[in-house]
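Hello,

Here is the structure I promised to pass on to you. Please have a look at it, and then read on for what I found.

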Amino acid sequence: MAQLEEVNVDQYKHLVSERALTGETMLLNMGPQHPSTHGVLRLLLELDGETVLNCIPDIGYLHTGIEKNMEAKTYLKAEVMSDRLDYMNTMGNNLAYVLAVEKLVELDVPPRAQAIRVILTELQRIASHLVFLGAFGLDLAAMSVFLYCFREREAILDIAELCSGQRMMTTYFRPGGLWRDVPVEFETAVRNFLKMFPKRVDEYETLLTKNPILLDRTVGIGKLDIATALQHGATGPMLRASGLNWDLRKARPYSGYEQYDFNVPTRTEGDTFARYIVRIEEFRESMKIVEQALNKLPMGPVNSDNRKFVPPPRSELGVSMEALIHHFKLWTEGFPAPKASVYSAVESPRGELGVYLEGDGGPKPQRIHWRTPSFDNLSVIEKMVRGHLVADLVAILASIDIVLGDIDR
Amino acid sequence: MDKKLEPIVQALQEKYTTSIEEFRDEVHIFIKTEQIVDALTLLRDKYDFELLSALTASDYWPQQSPRFHVIYQLSSISRNLTLQLRVPLDGNNPKLPTATRVYQVANWRERELLDMFGIEIEGHPDPRRILMPEDTTGHPLRKDFPLGYEEPQFTFNIDEIDLHKPYAKE
């Protein structure tokens with residue numbers, strides 16, 4: 001048994017300034033149980049009065065060993081774990097995973113499945129940004145925005161439930177297509193949402209964008225320039241708010257994103273307010289994509305007919321010997337993947353969500369690594385908070401939009 | 001291979017006499033441990049690979065040399081290219097020079113390698129565990145680390161398992 005040791009400054013002396021060792025500045029723990037650390041994040045702060053001199057994030061409180069667990073499961077069963085990573089962006093994680101598997105085994109996806117994937121991922125992006133907006137408002141003492149945001153998010157989760165039977169842990173996208181086709185009510189539900197939502201975004205803007213309290217607390221706070229962002233691997237809205245137009249949906253289109261017409265919102269200020277505005281703009285762009293995809297939603301199958309990887313429909317099992325064999329093989333053994341590796345990345349609401357997937361020739365992966373955007377986005381915080389007040393740290397942390405499940409994996 | 005990537009790969013091949021793998025249009029370049037920092041600096045400064053997208057490893061236990069492959073997934077934003085560097089490491093006392101001076105994102109990623117694979121990072125500014133608690137023994141993502149299911153107790157082995165259960169005994 002390991003002995004419990006008291007935490008002392010010696011452990012961190014290479015990370016704090018010399019004044020902390022003499023007791024001139026104060027070391028203060030923020031978290032892991034703190035409402036504005038969005039989960040279980042611990043920040044060790046070195047303070048001079050109320051000014052932050054150093055910020056040392058301590059992560060790992062939510063480490064669940066998802067990568068190790070996925071290595072022990074077949075490709076189909078491992079997908080269930082992917083929902084649990086970034087629990088605000090479940091469909092996006094499913095998409096990242098199935099794209100990697102499809103690339104590894106060379107599986108084609110029918111156009112209808114691709115379009116439905118795009119619609120649901122974009123709706124999920126809106127839902128994720130709604131949680132960001134709500135929490136951002138809450139951290140800056142605008143309580144009502146939080147309640148409005150969660151009301152709209154519920155409408156999106158209802159659509160997810162309509163398709164997959166689950167509000168959050170959907171596992172709806174499968175290698176080769178979808179679990180099943182969307183129900184007939186799907187189109188009306190999405191259209192109703194599209195009709196209702198633009199007005200709601202304007203409502204949020206009237207509450208926040210010109211609110212003097214919000215402006216006071218966000219403009220010029222936590223500036224991040226492009227060079228620092230790239231050095232620390234920060235991607236997504238963080239990078240776009242600093243002025244670099246980089247979106248994987250445009251740069252390396254996947255799942256048919258090249259067919260849709262949308263803009264990539266960027267700002268040049270790189271401060272907390274810019275990150276907020278970029279996400280507000282992304283609401284509108286995501287709605288544009290959903291509308292276009294819905295208008296030209298093709299008919300046809302939603303699953304690849306490659307039976308070596310995709311289970312046959314239930315109706316065939318009673319009449320076809322081959323279907324029964326394929327069903328049995330897929331659900332007991334799983335499908336084999338070649339002994340090679342692929343890296344595939346998608347644009348999650350937080351940035352580049354990459355999957356490094358390596359097969360070992362058998363039905364289970366040799367290695368699966370998740371390049372999660374929050375992990376790298378958080379590592380830049382020490383640069384952003386230096387010289388700001390503790391209250392600003394809360395605003396900066398909210399604007400990074402961290403999800404601890406995404407960081408700790 | 002992407003047309004734009006060909007001259008870069010050729011230049012690397014001439015400089016470091018490396019072997020190359022290609023799979024599904026992705027290029028993997030094998031680099032020796034002592035040359036990796038040099039190669040990363042060259043790629044960042046001369047060929048605009050601004051972003052180190054991912055840094056991870058893969059364990060090929062029980063194979064011993066090489067036991068690990070350390071994987072550097074690089075991404076160029078201005079040229080829209082990706083490239084993967086792989087560093088084979090021996091299973092006995094694996095060591096890797098730090099890349100934090102080239103890409104600061106490597107700081108946390110290398111701490112993760114240290115934590116999860118037990119790869120020693122030479123010259124790292126902050127060599128502590130990152131995800132597991134400080135007092136953990138072992139490195140979870142190594143293949144010889146058990147996944148950690150609890151052994152079920154039956155009448156024939158209840159006492160034996162009880163002996164090594166981690167609760168206070170009187």
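Of the 170 residues of chain B, 36% count as buried. The model is a predicted one, so please read everything below as computed from predicted coordinates. Chain B has 4 helices and 7 strands, and from the N terminus its elements follow the order α-β-β-α-β-β-β-β-α-β-α. Its radius of gyration is 20 Å, whereas the globule rule gives 15 Å for 170 residues, so chain B is more spread out than a compact globule. Along the principal axes, the C-alpha atoms of chain B fill a box of roughly 70 × 35 × 25 Å. When contacts in chain B with a separation of 6 or more are considered, 48% are between residues 24 or more positions apart.

Chain A, with 409 residues, has 49% of them buried. Its secondary structure consists of 18 helices and 8 strands. Here the radius of gyration, 23 Å, is close to the 22 Å from the globule rule, so chain A is as compact as a globular protein of that length. The box filled by its C-alpha atoms is roughly 80 × 55 × 35 Å along the principal axes. Of the contacts in chain A between residues at least 6 apart in sequence, 68% join residues at least 24 apart.

Next, the place where the chains meet. In total, 28 residues of chain B are in contact with 34 residues of chain A. On the chain B side, β3, β4 and α3 (106-117) each supply at least two residues, and the largest share, 6 residues, comes from β3(B). By class, this side of chain B has 15 nonpolar, 8 polar and 5 charged residues.

The loop between β3 (51-59) and β4 (68-76) of chain B is worth a look as well. P62(B) lies in this loop, and the peptide bond from W61(B) to P62(B) is cis, with omega near 5 degrees. As background, most peptide bonds are trans.

What about the interior? The largest nonpolar core has 145 residues. Those with the most contacts inside this core are A100(A), I119(A), I381(A) and I396(A), together with V70(B), L85(B) and I119(B). Helix α5 (residues 111-139) of chain A gives the largest share of the core, 15 residues. Leaving aside residues up to four places away in sequence, I381(A) touches C55(A), P57(A), I396(A), L397(A) and I400(A).

Helix α4 (residues 90-105) has 16 residues and reaches 23 Å from its first C-alpha to its last, close to the expected 22 Å. This helix is mostly covered, with 14 of its 16 residues buried. After α4(A) comes E106(A), whose phi is positive, near 55 degrees.

The other helix is α7 (residues 185-208) of chain A. At 1.5 Å a residue, its 24 residues should span 34 Å, and this agrees with the 34 Å between its end C-alpha atoms.

S255(A), in the loop between α11 (248-251) and α12, has a positive phi near 50 degrees and is not a glycine. S255(A) counts as buried because it has 20 C-beta neighbours inside 10 Å, and 20 or more is the cut-off for a buried residue. D401(A) sits in the loop between α17 (390-400) and α18 (404-408). D401(A) is not a glycine either, yet its phi is positive, about 60 degrees. With 28 C-beta neighbours inside 10 Å, D401(A) counts as buried.

Notes. Residues are numbered from 1 along each chain as its sequence is written. Chains are lettered from A and ligands numbered from 1 in the order in which they are written. This is a predicted model: local features need pLDDT of at least 70, side-chain atom pairs count only at pLDDT 80 or more; totals for chains, interfaces and linings use all residues. A nonpolar core is a set of buried Ala, Val, Leu, Ile, Met, Phe, Trp, Tyr and Cys residues joined through C-beta atoms within 7 Å. A residue is buried if 20 or more other C-beta atoms lie within 10 Å of its own, exposed if 12 or fewer, and partly exposed in between; C-beta atoms are placed from the backbone. Two residues are in contact if their C-beta atoms, placed from the backbone, lie within 7 Å. The expected span of a helix is 1.5 Å times one less than its number of residues. Ala, Val, Leu, Ile, Met, Phe, Trp, Tyr, Cys and Pro count as nonpolar, Asp, Glu, Lys and Arg as charged, and the others, Gly among them, as polar. The radius of gyration is taken over C-alpha atoms; the globule rule is 2.2 Å times the number of residues to the power 0.38.
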